[in-house]
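Q: Can you walk me through this structure? I have some questions about how the parts pack.

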Amino acid sequence: MTETLAADTRMGRLELRVRDLGAQLAYYADGIGLTPLTDEQGAVTLGLAGVPVVRLTESKDLRPARPGAAGLFHTAVVYRDEQALAATLVSMFTKYPQTYAGSGDHLVSQAFYFTDPEGNGVELYHDRPRESWTWTHGQVAMDTLALDPARFVNDHLGGLDPASLPDATGQLGHVHLSVGDIRSARDFYVSALGFEETLTFHGSALFVSAGGYHHHMAMNVWNSRGAGPRDHTLGMGVVDILVPTADELGRAVERLTFAGHATRHDGRTLSVLDPWNNEIRLAVG
């Protein structure tokens, strides 16, 4: 049995269940600059240059998650160039400055954090070149160093008008979860699902990926230690992961079934719940 996901596995899109679709759509489109790609009854999928990033699903009857519950820590959008990220920061600080939550130079990337109007974390970031990343015994070096957003904008945008730039390109870079414990997260996301562990941070956070990326998913217990399975609430819905072939999908079914996880597999998509009732869906893409 193949033990890990294929190297060219990547993130698909993240579903967010939202109470006020109009306000959330304005935030992700007018602020972050994602473009609506599909418009269905009660749902909108948005992305960058035609690549889906997030799906907003109106769920007016759902309640917000309880403090300390498992669920979404943040959605992370990765931009392919610093100029596009800088232009997005100008948009966010112009239209939604009150949602800024901080920044960090993580060695492998430069990241800026926000909180959307319904309390969902958002990371906007750019990767440094892979050849500059440092690995020791299979663990990637990451840190959180000071990063001044004004200086970043000035360095990469200067006096250019953001409106004059070409459309930004990027994708869903990673999804970071709040979970109840790291051991159960490792058992599911590494041993069963097939991601490779890339970093364990002081026993309180786990970073995992396919193909040597710094992380496609992460889990921490910083606000949620001991949390049990989630209720059906506002916030994160389905996390989509794209694998390269149908055979790869079949191997994932084998790993998850062997580990005792119930799956739904219709030949095109594979759905499974993690230990906190987060739905993970794999598809060929």
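This is a predicted model: local features need pLDDT of at least 70, side-chain atom pairs count only at pLDDT 80 or more; totals for chains, interfaces and linings use all residues.

Q: OK. At what angle do the axes of helix α1 and helix α2 cross?
A: Roughly 135°, and the axes come within 9 Å. Helix α1 covers residues 21-31 and helix α2 covers residues 82-95.

Q: Which residues make the contact?
A: From α1, Tyr 27, Asp 30 and Gly 31; from α2, Thr 88, Ser 91, Met 92 and Lys 95. Two of the residues in this contact are nonpolar, three are polar and two are charged.

Q: Switching to the cores. How many residues are in the largest nonpolar core?
A: It has 69 residues. Tyr 28, Val 175, Met 217, Ile 280 and Leu 282 have the most contacts inside it.

Q: What does Ile 280 touch?
A: Leaving out residues up to four places away in sequence, Ile 280 touches Phe 188, Tyr 189, Leu 193, Met 217, Val 239, Ile 241, Leu 270, Ser 271 and Val 272. Another core, of 13 residues, lies apart from the largest one; Ala 76, Val 78, Leu 199 and Phe 207 are among its members.

Q: Which residues of helix α4 are buried?
A: In α4, residues 182-192, the buried ones are Ile 182, Ala 185, Phe 188, Tyr 189, Val 190 and Ala 192.

Q: And what caps its N-terminal end?
A: Asp 181, with a side-chain oxygen 3.3 Å from the backbone nitrogen of Arg 183.

Q: What follows α4?
A: Gly 194, which has a positive phi near 110°.

Conventions:
Residues are numbered from 1 along each chain as its sequence is written. Side-chain values use heavy atoms; hydrogens and water are left out. Axes are lines fitted to C-alpha atoms, for helices over the stretch in contact, and angles run from 0 to 180 degrees between N-to-C directions. Helices (H or I, at least four residues) and strands (E, at least two) are DSSP runs, numbered from the N terminus. Contact means heavy atoms within 4.5 Å. Ala, Val, Leu, Ile, Met, Phe, Trp, Tyr, Cys and Pro count as nonpolar, Asp, Glu, Lys and Arg as charged, and the others, Gly among them, as polar. A nonpolar core is a set of buried Ala, Val, Leu, Ile, Met, Phe, Trp, Tyr and Cys residues joined through side-chain atoms within 4.5 Å. Buried means under 20% relative accessible area, exposed over 50%, partly exposed in between (1.4 Å probe, protein chains only). A polar contact is a pair of N or O atoms within 3.5 Å; within protein, one must be able to donate a hydrogen and the other to accept it, and residues adjacent in sequence count only if both atoms are side-chain atoms.
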